Amino acid sequence: MPGLEVRFTRQLTLIFGKNGSGKSSLCQALKVLASPERPTDPLHNVRATNPGTPAFVYKFRDQPLPVTWSQSLGYGTLVSSLKYFDSTVAIKHTNGTLQPRAVVEVAPFRLEVFEYARSLATAFQAAATTRVNDAMTRIQRDIDAAKQRLADRVDIAAAPFNHWGAVSSDACAAYLAALPAFDDARVARLAECERLLAQYSAAASEEGLRSLRAQHALLEQLAAQLTSLGTWCNSARLADLQTADVQATEKRAASTELARQAFPSGVNHEQHQALIAAAAAMYDLSAFRVGEHACPLCNQTMTADAERLFTVYHGYLTSTLRAELLELEQTVQNGRATLTRIGQFRLNDYSACSDSLPAGTYDAIIAAVEAVVTAAPAADQPLSSGDVTRYARCNELAGYLTTIRAAQTALNEAITTGTRSRQELTARISAVQAEIGTLRSHQAVAADKDALAALCESASRLTPDHRRLSRYDFASRLRAMTMKGKEAHRELVLDTLEQRLSDEYRSLCGATLHQMGVRLASRGDQQDIIVTPQVGDSPVYRVLSEGEQKVHALAVFMCEASTARHRVLVFDDPATSFDYNYVSNFCERLRNLVREQPQTQVIVLTHNWDFFINLQTTINRSPGLNARMSVQVLEDCATVREYSERWEELSNEIGPMLAGPGEPSASEKERTAGLMRRLIECLTNKHVFNDLRHQYKPKTLQVSEFHAFTRLVPLEAAEADTLRDIYANLSPPEHDDPRNFYTTRSRTQFSTWLDQINAIKTAVEARRP
């Protein structure tokens, strides 16, 4: 069945499947893993023309990769992990004999057993000691190698590295956890400390002092040049000059146009301007009117053209355009002169003092100066040809000047200290060396922090084992085994077996072995004892009813399961032939099993509705167990999943499969149909019956909530017909292949059915009283 996938995510998984749903195929897959006997039923699909090789894939939670089972692997490969119960096992238990050692762990009750236990304990002590010691040796070797890597930069003789070992890593782990990253600020501080150390060391000799003074002088010259360049750049902002040049051009054109309007063509503008300026000094040229005044130049009668002309003269003489133009031209001229000086600027070679500056600073200064100088336009080039972006790097010069002044201060401090006091100079050198050592140690540890933390983690995992092994009193345990061995023969195998089996009988049917008339007939000696359950002198299968035989088989199975713990217990239709009381008793026994063995996963498969509901009810009313149970429904030999009646959850799963542009795959259609069938059940259970009816997973119902029944909403006839038709279209006949059944259903049909279901839900909610 390539379409069937089952996930057992909780401790108890209850799977309900009607006949033909594929439950037997799932059971058969579990059985071939649990039983070494070859199954008598066929494993392949007998209806298929070419059934292929039977196979399936399984995976436990702690397995890294899935395992594919096929007949070539054999049967019962998980017999120690998985225990299976079905009718075949029940017949075997009722018809066969019992092995006490499968139920009672202390068989065969001889002193040799405890001697064997002593040898095992001794072997365990040796193995545990060897394992812990080997791990300690390996981890200590790695720790020693890590210390060796750090030794040239870290004082491994100081805390926390001095006590760091394979079983003592807490202090080192805490140090690493609190260690901050070696960020850019610490990198810069390390470089600064190294420069200070070089300067202080140089200040210890006269030659070194001369070198420091020379570097200081060079830095002063460099600062002077950068200051001059910065001053020029501040007085001649290229962007402002380009703007002024554009404005001057515009005002020059405006002045030409104004002169053209005021002066006739072919005259000397300067002489004409002098004439009208003399007249304007004597008269208000804008006040002359036709018929009222004579012309101030020729004393003739004013005409309309003369009036307009004098008005233009007045506007020309009173305009600020020429003054503004002169100011802009002067600004551009002065800026041109400064830009010429900037373009001719050449920075001297100060590489001899570059070591006094932070790494890369001198090269950055050269690059910034070069960018500014080459960005300034030449005298014969227009201002617009200048590169404003590169010229703007002049703003960086102030920061470089600050760095240079700081370097000069450091040089001055070294020179002053070296000149003034040798003792103070020595102290400063020691302090800087200590800070450099700390920073280099920090840098080295931070670079190797992940590897060191991993070693501490390995050591912390080993430490508890080492402590437990060191503190465990093996000698007392061995003496106790010897004493217990002397008492072992006094215990009776059959009494223990009979008591445990009788307890299981009481749990399953309310009666003990004696009350049921069953006795255990034994034969053999010590570990070779076998037991035959009988009623009178007859085997139980000839006397007990079918339900009572099932009780006996389950009692034996439960005894074995309680003795030899398995990871998984599988029950295939365990409650067949039970009456209601027996069903309730078995549900309570399963509840106790889940509670008593929290590490054991229990899988129950059934098509018995009473048992299906009864088990859920029993688990739900036990505090804390409901969360351990998963209720799943198997349909169409393909769909098995956690059962849900949440409308939003089902709708959210259906929506994406119908939202794509293309047709869903056959498997997606099959899954969508199963979810839409549950959506219809959810509509009926939660909205029609006001959440008082449940299809598969019952909940606790307070019988006193009678008012809830007043809000039931019956379906209308048309709605019932629609839901019946949709459900039929979503349900393949029992013997049809569901993968082929859904190929004729389109995404549009599914979407239409979903819209109809949602519309009926809305209508039902609207009619709710």
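Let's start where two helices touch: Arg-677, Ile-680, Glu-681 and Leu-683 in α23 meet Leu-723, Ile-726 and Tyr-727 in α24, where contact means heavy atoms within 4.5 Å. By class, this contact of α23 with α24 has 5 nonpolar, no polar and 2 charged residues. In that scheme Ala, Val, Leu, Ile, Met, Phe, Trp, Tyr, Cys and Pro are nonpolar, Asp, Glu, Lys and Arg are charged, and the others, Gly among them, are polar.

A word on what you are looking at. This is a predicted model, in which local features need pLDDT of at least 70 and side-chain atom pairs count only at pLDDT 80 or more, while totals for chains, interfaces and linings use all residues. Residues are numbered from 1 along each chain as its sequence is written, and side-chain values use heavy atoms, with hydrogens and water left out.

Back to the helices. Two packed helices are described by the angle between their axes and the distance between the axes. Helix α23 spans residues 666-688 and helix α24 residues 717-729; their axes come within 9 Å and cross at roughly 155 degrees. The axes are lines fitted to C-alpha atoms, for helices over the stretch in contact, with angles running from 0 to 180 degrees between N-to-C directions. The two helices are therefore roughly antiparallel to each other, a label for angles over 145 degrees; under 35 counts as roughly parallel, 65 to 115 as roughly perpendicular and the rest as oblique. The crossing of α23 past α24 is left-handed, which means that the near helix is turned anticlockwise from the far one by less than a right angle (clockwise would be right-handed).

Now follow α24 to another partner. Its axis and that of helix α26 (residues 747-767) come within 11 Å and cross at roughly 150 degrees. That makes α24 roughly antiparallel to α26. This crossing, too, is left-handed. On the α24 side the contact is made by Glu-719, Thr-722, Leu-723, Ile-726 and Asn-729, and on the α26 side by Trp-753, Gln-756, Ile-757, Ile-760, Ala-763, Val-764 and Arg-767. Sorted by class, that contact has 7 nonpolar, 3 polar and 2 charged residues.

Some single residues are worth a visit. Asn-614 sits in helix α21 (residues 609-620) and counts as buried at 9% relative accessibility; buried means under 20% relative accessible area, exposed over 50%, and partly exposed in between (1.4 Å probe, protein chains only). Leaving aside neighbours within four places in sequence, Asn-614 is in contact with Tyr-580, Val-583, Ser-584 and Cys-587. Asn-585 lies 29 residues from Asn-614 in sequence and 10.0 Å away in space, C-alpha to C-alpha.

Gln-242, in helix α7 (residues 238-262), is also buried, at 17% relative accessible area. Beyond residues up to four places away in sequence, Gln-242 touches Leu-383, Ser-384, Gly-386 and Val-388.

Arg-7 belongs to the segment before β1 (12-16) and is exposed, with a relative accessible area of 58%. Between Arg-7 and Lys-59 there are 9.6 Å from C-alpha to C-alpha, though they are 52 residues apart in sequence.

Finally, step back to the whole protein chain. Its secondary structure comes to 26 helices and 11 strands, taken as DSSP runs numbered from the N terminus (helices H or I, at least four residues; strands E, at least two). Of its 769 residues, 41% are buried. Among contacts between residues at least 6 apart in sequence, 73% join residues at least 24 apart.
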